[in-house]
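Subject: A structure for you to explore

Hi,

Here is the structure I promised to pass on. Have a look around it first, and then read my notes below.

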Amino acid sequence: MAFTHKRWWFTLGMLLLILPLGACARSEAASRTRVVFWHEMTGPGQEQLKQFAKEFNASQSKYRVEPQFEGNYNEAVQKILHTHGTSASPAVFQSMDVSTSQLYHAKVATPMQHFIDADHYDINKISPVARAFYSQKDSQISMPFNTSQPVLYYNASLLKRLGIKAPPVDPSYSDITRVAKAISAKSHGKVKGLTVEEYGWLFEQFMANSNEHLANHEDGRTGIPTKVHLNTPGTQAAMKWVRENIKAGDFIDYGAGSQAESNEIAAFLAGKLGIFTQSSAYISQLLAGTKDELGITYYPHQDGKPRNGVAVGGASLWISNDKPKAVQQGAWEFVKYVMTAKAQAQWQAATGYLALNKDSQTQPILQKLYKQHPSAQVPSQQLATIKANTANSGVFMEGVIQERNLAQTAMAQIYNGTDINKALAVAEKGLNDSVANTNRANHYK
Amino acid sequence: MLQSLPRNSNSKDPGAQSAPVRLSTTAQWSKDNLYVAIFLGPSLLILSVFVFWPMIKTLYLSLFLTDNLGHASVFVGLNNYMSLFNNPAYLSSLGATLMYVIAVSVLTIILGMLLAVAAQQRLRGIRFFRTIFSSTMGISVSVAAIFWLFAFNPSVGVFAQISQALHLPEINWLADPHFALLAVIMTTVWMNLGFTFLILFGALQQLPASLFEAAEIAGVGKTTQFFKISLPLISPTLFFVLIVTLIDAFKSFGLIDLMTVGGPNNATNLLVYRVYQDAFLNGNYGLASTESVVLTAIIAVITLIQFKLLGKRVNY
Amino acid sequence: MEMSQPATTGTNVANAKKVGQYVLLLFLTFLVLGPFLLGLWTSLMPTADISKGALWSSHISLDNYVAAITTTPILRYLLNSLVISTLTMLFQVLLCSMSAYAFVFLKFKYRKQLFMLFLMTMMLPFEAEVIPNFSTVRSLGLLNHYAAMVIPFLTAAFGTFMLRQAFMQMPVELKEAADVEGLSHWQFYWHLALPYTKVSLMTLAAYSFLSSWNQYLWPMLTTFSDSFRPVQDGLRQLQGQESFNNWGMIQASAAIVVIPTLIILFVGQHYFKAGLNEGAVK
């Protein structure tokens, strides 16, 4: 019995030893104001953010920014809403484009305009297209930070080896089908032609590029949406295009989620996949991962119709309003830091997100990148040649995560043989029901 | 080490009948009440706050639409339930869960039994094999997911490499709705094996050797011995394992989250994952509460069956 | 080793049978260990080779382990899990044994009903109650803290049930003798009941430690930083933030996590077997 006792006390003693260890690690930076920064960046993006925090912390002695990874964009939104007002909440956070409406209505952040005005910050340096996405009534809600363009990647060296003509820079669906078919045929099935991830964001881009609104009231820009459309001529055409490639056996389906993205990139880098559509944010990884020449084109568009342009995707930075003034000020200093011309140029070079500071393009690091890889300029060119309208500026609506899930499911169904019209109609009905409930529950008219 | 679990719940305890006798006279009641408060109070408090109250709250929320901060906002009666059972996606989730639960339980028990029988043999080094067979008990959900994600990987996984080498059609396990659930089932069964093996092995070990010696003399074959003697005798343990596996399978979340995030095409969107998705991704707490109530009802029924059947042997 | 035996027909058949049995055992071993060995093997290979689909590499090393330990918070995750699981285990053994004691040795009104209430909680899955529980720990200010992952699990109906069975198996004479000696309930509980049911307590301890160690959904909802994140969710985190899979390092992290539990399991098995025997002798 005494033996048992000893054992218990031993364990307890161990615990008492261990617990303060945790406390020590936390109190080390007590002299500085702690600024917790939540982000959803992975891979090189995460590395670069850690680097920014490190540099920022070294550049001054008042604040200490602590970056914390919070999973994917979808997870982060509810985490932000849930923790607001508790000690667990962040001081500054990154949140995706389509969550803007929800966070705005939930009133969890101090408007960025507040800091811009107080600091006489020159906001004109920041890309107006990106700024417009995150402002309401000429007031900046949040700071656009990582902005990407959906693009189409192809393995240019592989095409050369197989003797296939590269797709044009502004391809139509049939242009891509031609190339995908050729890859499949000439490699004797060893290389898959094409993949389009089951991903609601890509689905939205098909709509934007076909000049179609997902939600009424001009995608929510002129009022709270009450009706949504997922089953449109544009989405039908896009899905038919994919279906055509599936039937011919040139298409490979990697599924959905981060696993799918990892797998498609791994396959592309290993030369087992010829073409895929994805965010421009992957450029640096793709350039670093293979010796093959990387080809990039604009996001493909419907045959016989001009492209309307795709939305700027990505996320913005928000400053929580539940933290003391000093913490919020620290958050603002950090936001300013990452928006400098130098930081933004570094950001684009490290990731593939577009530099949003107008002075970034002349920074040596970008000049060097463009010289080495001319294709790295394609996303910015795509953005520059888009005429902004409400169909290609993203959806300003709550419950877009629901939309993404539904669209993703519809894509999965279609890829696996369900009738296109049926799958899209089911998704559309599901989303309309959900929008109706959301509006009712929040007493929106 | 968990061998004693089923034994505990199966064994007859002579003390049970005499328990009331053992208690002191009524004179001690008031003094005992202080002890009751001390001994029972903390547990009762915890269970009230984290089990009973949440159940009531969940039932309540299931009757409402919730606003974007998760507060009950519009009373809708049983509407959430109606829309749930009219939603083909939810019904397919329910179907997938049933398929998963049944497949996992059956396969776990068959394979666990195979391991337990194999480990009965008196061979040199058998202890080594017994240790190996129980080893997946020490493997947690995220570790298991990582091992199997790699095995299922379409470019570098072993399954892909085997089918390539044999010129079989390539299966994209986790992205193909026909195979994703199977992949998760395989992983779950593998994870369950260690525990199931330990318990079934323990039960087989405790069977009296004399029975088998008698059977041997009577010329009864090994197979018949197994089906006619071993199986009936360990049926209480088998039942215990079945219930534990069933309930665990209904509560599966980790592997889904790590391996398939409910996809493709909701093929692996099991009940708990759906609750998580609707509450913590979509912010639809009313609907998620409704789904929680359905899940609770299912598990409650299975547990009740367990109590009923165990009750025949165990005294409460 | 069996080959030295004289080769009579009988032993030949027996030998053939033995070989067959070993083949079966080895096959089952392969099934059980396969995924684990594959993971362990790849954890020693450079990711570049793994991505090519190679199963062999000329650069076998522990580099991935070094990378996992130096570039990821994997050790911190392990520490967090250790703290959470140990606390949960200690409290569960204490509180469950106390409530079980009350149900066996104390007489009070509604005892039966209260026990039924306890049993009922076994029917209510925690997974179905995460929404209100989240609001509770949120309003208690426990989010992103060890407390959020320990307090809801301080006690368990299952443990109470199990220990109640164990207490009921104590000989009646023991309690009678204690009453004669004038031992208080606390004394009887601490000095006789607990030592007597040591094996069951150990079993419950192992069980509660393992279930706490394997918690996944709840910590995922309530932790927001690496300072408190337990290892299961830590691995999810590591895997999620590698945007194109660094398989070598991920497998190494998994191995770092699994090897200690396996060692505990193997060492513990011996100990618990001894404990079981000891319990049987008493």
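Let me start where two chains meet. The contact (heavy atoms within 4.5 Å) takes 105 residues from chain C and 96 residues from chain B. Between them, about 9600 Å² of area is buried, and carbon and sulfur atoms give 75% of it. Buried area here is the accessible area (1.4 Å probe) that two parts lose on being put together, summed over both.

Before going on, some ground rules. This is a predicted model, in which local features need pLDDT of at least 70 and side-chain atom pairs count only at pLDDT 80 or more, while totals for chains, interfaces and linings use all residues. Residues are numbered from 1 along each chain as its sequence is written, chains are lettered from A and ligands numbered from 1 in the order in which they are written, and side-chain values use heavy atoms, with hydrogens and water left out.

Which side chains form a salt bridge between chains B and C? The rule finds one salt bridge across this interface, and Asp257(B) and Arg236(C) make it, at 2.6 Å from N to O. The rule asks for a side-chain nitrogen of Lys or Arg within 4 Å of a carboxyl oxygen of Asp or Glu. Helix 1 (residues 9-42) of chain C gives the most to the side of chain C that touches chain B, with 16 residues. Helices are DSSP runs of H or I with at least four residues, strands are runs of E with at least two, and both are numbered from the N terminus. By class, that side of chain C has 69 nonpolar, 25 polar and 11 charged residues. Ala, Val, Leu, Ile, Met, Phe, Trp, Tyr, Cys and Pro count as nonpolar, Asp, Glu, Lys and Arg as charged, and the others, Gly among them, as polar.

Now zoom in on one residue of chain B. Ser135(B) sits in the loop between helix 6 (126-133) and helix 7 (141-152). Is Ser135(B) buried or exposed? Ser135(B) is buried, because its relative accessible area is 5%, and buried means under 20%, exposed over 50% and partly exposed in between (1.4 Å probe, protein chains only). Apart from neighbours within four places in sequence, Ser135(B) is in contact with Val32(C), Leu33(C), Leu262(C), Leu265(C) and Phe266(C).

Chain B as a whole has 15 helices and two strands, and buried residues make up 60% of its 316 residues.

Two backbone angles are worth a look. Most residues other than glycine have a negative phi. Asn266(B) has a positive phi, near 60°, in the loop between helix 13 (254-259) and helix 14 (271-281) of chain B. Tyr110(C) also has a positive phi, of about 60°, and lies in the loop between helix 4 (74-105) and helix 5 (111-121) of chain C. Asn266(B) counts as buried because its relative accessibility is 14%, whereas Tyr110(C) is exposed, at 57%.

Finally, visit chain A. In helix 15 (residues 341-350), seven of the 10 residues are buried, including Trp347(A) and Gln348(A). What covers the buried residues includes helix 2 (43-59) and strand 7 (143-148) of chain A. Just after helix 15, Gly352(A) takes a positive phi of about 130°.

Enjoy exploring!
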